[in-house]
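Here is a short briefing on a pocket and a helix pair. Keep the structure open while you read.

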Amino acid sequence: MDLLDRFIRDGLASDAGSAANLAYWAHWLGVDRLPRSDDGFMASSATTWDPSTLMRALLDRLTPGLGCLALNVRSAWSLTLAHPWLLSDPSLGKAVGDRAELLLDCAELPATTRKELDQMHYGVRLYRR
């Protein structure tokens, strides 16, 4: 198991780890526009960024063959767990479903990553009913 797999398995296993990861992504992708002088913001429970904007940015990183695809899928999956209403938005839900289908159809994926994509895809289908 390589370092990234170990980080996903151990570092993102808790709610606090997942929240810190999402805060980091929001900062890194420019979704959280607040200036940060250190990484302490990642441990805060306060969300200063828009979850739907973060999801759209993460979807751009769900690309077959990407070396960090498992991390990106875990991040998108964690975001849907924290904000399940994201899947009820018609355009965002469609984008999540389409991207999940693409990856499930064409990518060789670790079992955990495939399970997370399956769960997001299933969530989208539930909201489409």
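How much space lies in the second largest pocket? About 170 Å³. The model is predicted; local features need pLDDT of at least 70, side-chain atom pairs count only at pLDDT 80 or more, and totals for chains, interfaces and linings use all residues. Residues are numbered from 1 along each chain as its sequence is written, and side-chain values use heavy atoms, without hydrogens and water.

**Confidence**
- Mean pLDDT (the predictor's confidence in each residue, from 0 to 100) is 89 for the chain.
- A pLDDT of 70 or more is reached by 94% of residues.

**Second largest pocket**
- Its lining counts 10 residues; Asp-5, Ile-8, Pro-110, Thr-112 and Thr-113 lie nearest the centre.
- Lining residues have an atom within 4 Å of a point on a 1 Å grid.
- Two or more lining residues come from each of α1, α4 (69-82) and α6.
- By class, the lining has four nonpolar, two polar and four charged residues.

**Helix pair α5 and α6**
- α5 (residues 90-106) packs on α6 (residues 111-128) at about 140 degrees (on a scale from 0 to 180 degrees between N-to-C directions), with axes 9 Å apart.
- The contact (heavy atoms within 4.5 Å) includes Gly-93 and Leu-104 of α5 and Arg-114 and His-121 of α6.
- Seven nonpolar, three polar and six charged residues form this contact.

Key: Helix = DSSP H or I, 4+ residues; strand = E, 2+ residues; numbered from the N terminus. Nonpolar A, V, L, I, M, F, W, Y, C, P; charged D, E, K, R; others polar. 1 Å grid on protein atoms, 1.4 Å probe; cavity = no way out; pocket = protein on both sides within 12 Å on 5 of 7 lines; lining within 4 Å. Points joined across faces, edges and corners; volume = space filled by probe spheres on them.
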